[in-house]
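I looked up local geometry and then helix pairs.

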Amino acid sequence: MTTDVSERLARWQGLRAGLAHDDFRRRTGRVNRVSSLMVEASGPDVFVGELCRIEFAGRRGETCLAEVVGLREGSVLLMPFGETRGIGLDSEVVSTGRPVSLKVGRGLLGRVIDPFGQPIDGEPLLDADVSLPLRGQHRNPLSRRAIDQPFMTGLRAIDVFLPMGKGQRVGIFAGSGVGKSTLLGMVARDARSDVNVIALIGERGREVGDFLSRVLGPEGLARSVVVVATSDQPALVRELAAHTATAVAEYFSGQGEDVLLIMDSVTRFAMAHREIGLSVGEPPTARGYTPSAFAALPRLLERVGNFERCGSITGIYTVLVEGDDLHEPVSDHMRAILDGHIVLSRDLANQGHYPAIDLLKSVSRLSGDLWSAGERDLVRRVLRGLSVRERQLDMIEIGAYKAGSNPELDDVIRMYPALEAFLLQGPGEHTSRDDMYARLESLMSQGAH
């Protein structure tokens with residue numbers, strides 16, 4: 001009897017403590033202005049980042065979700081996650097008292113979800129009951145572990161010449177139509193990761209289905225979580241997709257898994273942030289990008305890495321190079337944040353060379369920690385030979401170069417066809433790391449004789 005009374009008393013005290021911290025007030029406001037992407041309201045009492053509901057005019061009970069993106073001169077600036085059509089003057093705005101969050105769990109594996117964590121593949125979502133904040137928290141830089149274990153992507157051009165480590169962040173810089181999606185699909189299928197989280201941000205609806213069925217395939221999807229925000233969705237939804245994918249990766253990493261996070265593309269994330277910033281009233285800077293767009297990039301990428309007491313998150317971010325200009329603002333900013341960059345060449349793609357990786361313009365900042373001394377010397381010899389050939393390519397193509405003029409160039413010309421065949425790789429080709437280096441050493445020896 002005494003035990004039963006004690007348990008009831010403990011439950012009552014817990015209930016009282018919860019009631020003391022809960023706010024049962026219904027905090028509301030009224031819409032007084034709607035312009036483009038932005039809704040301005042008088043009230044309610046909210047904080048930036050809080051989730052609110054806006055009632056549609058004349059449609060009682062129908063609402064849309066919106067996020068507080070700014071406060072200005074006593075007014076609340078909200079950006080809806082859907083269309084502003086239907087919102088009228090004096091529409092009621094109701095605060096929820098919480099920021100946007102996400103339900104995660106093992107049930108997300110093999111699923112295609114929207115930025116709110118809801119499935120869009122037609123099946124119910126099970127085993128996803130852990131709630132996480134979407135935008136994460138700042139990590140202590142001293143909590144990061146050294147990146148000294150190779151992360152195998154299955155692609156010879158990357159694993160040999162641009163090795164990645166578990167927890168590294170790498171950008172793929174490419175224009176349109178150079179094989180970026182195929183490259184990402186090959187990495188997602190063949191990489192030695194426990195879980196893949198793939199964010200498709202601002203893609204055309206048709207491309208989403210093609211990527212899932214033809215590029216990723218059932219085998220790749222089975223150990224992946226795909227987050228989709230298509231190009232026709234509001235800027236805030238596209239911006240949110242990047243945070244959703246990163247939050248899902250953080251969850252699986254917290255379970256001790258080695259996670260591969262692929263984001264296609266971080267440029268569209270920055271573009272969405274530019275739309276939001278301009279709507280709030282931020283001043284445009286380089287090519288119209290607002291200061292907050294550049295501030296948001298490191299905040300997003302710093303959530304990825306190799307951290308203490310959990311698994312790793314290896315990030316691959318695609319950067320759309322406008323007009324093949326590697327010095328446009330987002331590309332410049334991303335190179336400063338990332339731990340390496342892989343440049344895809346349109347010239348190589350036009351020659352049918354896939355993956356179209358330009359080795360001389362690409363770099364992995366952690367390659368020195370991931371190569372052995374012998375591997376480093378071998379790769380440097382190959383890259384030096386490619387550099388010599390690149391400088392004399394015009395002379396070679398017009399037939400002005402005479403064999404014997406440069407012994408080093410002669411060796412490169414002899415071994416180049418074999419090297420090109422080594423770099424070419426189609427879907428389904430698999431080679432172990434040791435075999436990759438042994439094959440490269442063999443073709444270099446043959447070229448020197």
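I began with S265, which sits in the loop between β15 (258-264) and α6. Helices (H or I, at least four residues) and strands (E, at least two) are DSSP runs, numbered from the N terminus. The model is predicted, so I kept in mind that local features need pLDDT of at least 70 and side-chain atom pairs count only at pLDDT 80 or more, while totals for chains, interfaces and linings use all residues. Residues are numbered from 1 along each chain as its sequence is written, and side-chain values use heavy atoms, with hydrogens and water left out.

**Backbone entries**

I checked the bond between D264 and S265 and found a cis peptide, with omega about 5°. I placed P355 in the loop between α9 (346-350) and β18 (363-364).

Most residues other than glycine have a negative phi, and most peptide bonds are trans. I noted D127 with phi near 55°, a positive value in a non-glycine residue; D127 lies in the loop between β8 (111-113) and β9 (130-133). R287, also not a glycine, has a positive phi of about 50°. I located R287 in the loop between α6 and α7 (291-301). R287 is partly exposed because its relative accessible area is 45% (buried means under 20%, exposed over 50%, partly exposed in between; 1.4 Å probe, protein chains only).

**D159**

I found D159 in helix α2 (residues 156-161). D159 counts as buried, at 2% relative accessibility. Leaving aside residues up to four places away in sequence, D159 touches F151, M152, T153, G154, M436 and Y437 (contact means heavy atoms within 4.5 Å). D159 and Y437 are 278 residues apart in sequence, with their C-alpha atoms 9.6 Å apart.

**Helix pairs**

For α5 (residues 235-254) and α6 (residues 266-280), I read axes that come within 8 Å and cross at roughly 135°. Axes are lines fitted to C-alpha atoms, for helices over the stretch in contact, and angles run from 0 to 180 degrees between N-to-C directions. The pair α5 and α6 is therefore oblique (under 35 degrees is roughly parallel, over 145 roughly antiparallel, 65 to 115 roughly perpendicular, the rest oblique). The contact uses A235, L236, R238, E239, A242 and H243 of α5 with F269, A272, H273, E275 and I276 of α6.

For α3 (residues 180-190) and α4 (residues 205-222), I read axes within 9 Å, crossing at roughly 5°. That makes α3 roughly parallel to α4. I listed S181, T182, L184, G185, A188 and R189 of α3 against F211, V215, L216 and G220 of α4.
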